Amino acid sequence: MKMPEEEREVILSQVGEVLKDFRLSRESLIPVLQKVQEKLGYLPVLAMEKVAGDLGIPAVDVFGVASFYNQFRFNPPGENEIKVCMGTACYIAGGKIALDSFERRLEIKEGETTADRKYSLERVACVGCCTMAPVVVVNDKVEGHVTPTRVDGILLGLETGRQNEGTGRDGEGRQNR
Amino acid sequence: MSAEVTLTIDGQQVKAVAGEKLLFVALNNGIYIPHLCAIAEEERPSACCRLCFVEIEGLSRPVTACTQKVRDKMTVRTRTPKVDRLVKTGFELLLSDHRLQCRTCPKNGACQLQMVARERGLKLKTGRFKPLAKDIPVDHSPETFSFDAGRCVLCGQCVHADQNIARVGAINFINRGLKRKIGTFNNRCLRDSPCTECGLCVKACPVGALTFKT
Amino acid sequence: MSAAPVQEYYQKLQEEARTKSAAQKHLPRVRVGVATCSIAAGAIRVKEAFEDEIKAMGLEAPVIDTGCMGHCYAEPQAIIDKPGHPPICYGKLDEDLARRLVKDFLVDDDPCFEFAMAALEPNDFFPTFEDYPRGVYEKKMILGQCGFINPEDIGDYIAQGGYAALAKALEQEPEDIIREIKNSRLRGRGGAGFAAGLKWERCRAAESDIKYVICNGDEGDPGAFMDRSILESNPHLVIEGMAICAYAVGAAQGYFYIRAEYPKAIERVRLALKQAREKGLLGQSVLGSEFTFDIEIFAGSGAFVCGEGTALVNSMEGNMGIPETRPPRMADSGYRGKPTVLNNVKTFAYVPAIVRNGSAWFKSTGTPESPGTAVFTLVGKINNAGLVEVPMGTTLRTLIYGVGDGIPHDKEFKAVQIGGPSGGCLPEAMLDVPIDFDSLKEAGAIMGSGGLVVLDEDDCMVSIARYFLEFTQQESCGKCTFCRLGTKHLLDILDAITRGEGTPESLDTLMELAEDVRDGSLCNLGGTAPNPVLTTLRYFRDEYEAHIREKRCPARVCSDLILYYILPDKCSKLCSACVGSCPTEAIYTREDGIKAITQEKCVKCDNCLKACPPEYLAVIKLSPPVLPEQQEGVKN
Ligand SMILES: Cc1cc2nc3c(=O)[nH]c(=O)nc-3n(C[C@H](O)[C@H](O)[C@H](O)COP(=O)(O)O)c2cc1C
Ligand code: SF4
Ligand code: SF4
Ligand code: FES
Ligand code: FES
């Protein structure tokens, strides 16, 4: 799997851009990776190698850190990010049932992305609106009281009303603050 | 600050330098305490294998000998019901995640797990716990040695050898939790990593995970 | 230290802030709660509706963002403060209601009491929050301003006396402050309840030019969010507490460790830090004194274990968040190997008030060993879910029935889970236990993170234990043997029990292993992970036994041990609500018109049970999963 030259260029220049704002030491590693992922949507291998080189630490250490934390991912996310809350309140209100329904409908397991890259499914812990449990966050929009019927509704909405609020499809925008 | 202290381990009077780690004081005096992860020169031990438990008078619970600095008049017991119970459980837990085929293992006879079993009269069986399936391929890519992650006990000896002694930076721990393992950048095989095949990690490995090819 | 200039500097700041807020006094003001929870409930839309309508009506009335008042069951909320009326709080707002309030109240002077929750000042027309049971039992020491002041405007905080404690502290000797904190017996609110004053004293005594103060805002408990709420609703309170601590221990640099999943909190803290710097409350020569202190934010990357101090430091240093053995203690050698004070968000939040009012004031609330208040995220099967703050020593019963207004739908209370994944489940018989660090610990639970989940008859205790264990198992850093592998085996055993595959021996193994993981783990993640298992085994053993011996889940939760069944004599032949609700088309109509379930197709999603109209309630769950037909041996 060879990466087109332009894509390499984009990654290297974006990472270079990010690194400009940091002191080049190991302490910057996590903030740098966060920024890189914010820009690129994920952590490409090439980006991690560049970060390692510029910070002067072994590449395996960068990979170790990135693989340790939940936040980092090594593959581009799906167009639509579905996060099912499995915080305590949501769990006892049937969060597992909602997760099961998404898994059944999308035919993927949590943590995976559909083959067409349209959906990725994740579980998160308490998004802070327990009174609306069970809660699902779809492209950063919170949906409360999610029963399996609502799951169908949510997916139908994403299939048809593509133009609705789902912002930041490219993995940018969404994280920009 | 190198005051000499006298302590008692299992009734035996032992002299040591204050501040030394209890585990190594015991080992140097011929008293065996199970251990996999301890590294004598590390100031802050990783204490991850959790096998070196002992009881020290005055402390309510067993503690790890590799983290305890010796003090004058310390009274230590290496075998108590509480210690034995923890060591047995810890040992069984490690075996439950270990490709247990001693007969075909290159380390057979020289393995530290076998040593623990022999010294403490424990069986080389997972006992109460069902084996956690492990079907990881062995990395035969280096010319001189092989890495069998299925036999790794995550003691960290090889990482220390690679990063702090050889100063290469080919391997480290990767992932979190149950998926934690020794790995290379992007899970490449060792031959495609910066590994120089100096062999220090292989010599450091207490079990049959890193072994020289014969 | 030149004392007078500090006071002078502060007085000037406060005057400025007060003049500015007085200038708006004659205007009606709308404060909309905009925090993560309320945004989810639609607060942004409500806020925009207020703004649009106010503009459309040609009114001059500022719409101000505030944080969270803690009444999460009634989000979105707004407070309307119109001269001539007491400030009134409205709950469960939507856009229409917002527009109506503008027309009826702001324009026409009708406060629409039918939608009001409470007034905020005593008056002759409408009750205040204090007049409700919840208000009687609550006592707000750190949440008091949350939801009322504007977290994005430092002036609001200063006008109400904010940073006065810092000014006062800077006139004292650091040792005096440490003595005051020690006298107050303030205990850390991050879980373990360690005396804050002792920690500070040790750090002060440690020899080093460089020291650090870190605020632990990692809040990893999957059911708790009060730290986030405080950071979002009143960030300056925490900043002020940290600055006082830094002055007391001799640190010049501080850090907020906030999880990246809390973008709103990070945003508000960042803004607050900027404003504090602009006002000379952070940076070189704080409040004109010789004290220098600044704070940076470190965004955690989502690993529960990073809440543990040594793991937190490792992650700030660019490593995996892996705990280390102690000693050395953080106060001697923490971040970058320097003496470091690490305290929880809430711990810092108490500090300004203690410095302002003295330790005696603080100790007058709560119990002798655990003075002050306890802050909980009260969720689960409870009527008034939300953030609550009660004096330590309040009983669980008062908290659940008095403050939380009991269990909804006339269900029966079963247990209360306290302290999240490190905590435990307590039964009815323990409800009169007072809430304080030591009593809870004795009962097997812990104060922990402050998550408090109420469970009712529909909750399966084995499944709850399994849930928490799954969490800790996934969040184990994987370093040490007992936690990495022990929690996995505990989970596997619990899994088997919930599937009806447990054996009587599995309970013994579960118990032994739980104790060994507790005693053998390196850090307190592993050390406390077995608590949910140990407490449920202690108080709800019968439920485990029912799963094992009878293959029965008493609460009818464990999906392998239940089946869905339509009672033929209750089913109305005319209705087919359940048929359409089923995602797998498992429900069919029998020849006689009654509905029935093809068990092989059923995925136990619970839809049909919810869909069946209340007048029939024909769908039920059976456990053990045996059809009545099979029981009687009659073929259908
Ligand atoms: C696994 C684990 C997770 C923790 N998570 C948090 C947390 O999210 N927030 C927190 O303040 N303390 C947490 N703690 C406790 C901290 O280690 C530390 O005791 C605390 O921050 C000290 O502050 P305090 O004395 O003000 O409570 C955690 C501890 C462990 C073992
Ligand atoms: S490979 Fe050997 S030395 Fe390295 S962690 Fe595994 S068991 Fe220890
Ligand atoms: S107890 Fe768990 S989290 Fe703590 S060091 Fe051990 S493996 Fe890591
Ligand atoms: S548990 Fe899901 S929002 Fe809190
Ligand atoms: S040798 Fe002490 S914990 Fe491994």
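Author: Chain C and chain A bury about 3,500 Å² between them. Buried area here is the accessible area, taken with a 1.4 Å probe, that two parts lose on being put together, summed over both. Carbon and sulfur atoms give 58% of the area between chain C and chain A. The model is predicted: local features need pLDDT of at least 70, side-chain atom pairs count only at pLDDT 80 or more, and totals for chains, interfaces and linings use all residues. Residues are numbered from 1 along each chain as written, chains are lettered from A in the order written, and side-chain values use heavy atoms, without hydrogens or water.

Now the residues. Chain C brings 56 residues into contact with 37 residues of chain A. Contact means heavy atoms within 4.5 Å. The interface of chain C and chain A holds 2 salt bridges. A salt bridge needs a side-chain nitrogen of Lys or Arg within 4 Å of a carboxyl oxygen of Asp or Glu. C:R336 makes a salt bridge with A:E27. Their closest N and O atoms are 2.6 Å apart.

Next, the domains of chain C. Bounds come from an automatic or database domain assignment. Chain C is divided into domain 1 (19–132), domain 2 (174–300 + 331–359), domain 3 (377–459), domain 4 (462–549) and domain 5 (562–635). The C-alpha centres of domain 4 and domain 5 of chain C lie 34 Å apart.

Domain 1 of chain B puts 7 residues into the contact, and domain 2 of chain B puts in 8. About 550 Å² is buried between these two domains of chain B, with 56% from carbon and sulfur atoms. B:L36, B:I39 and B:C48 supply 66% of the area that domain 1 of chain B buries against domain 2 of chain B, more than any other three residues. The salt bridge count between domain 1 and domain 2 of chain B is 0.
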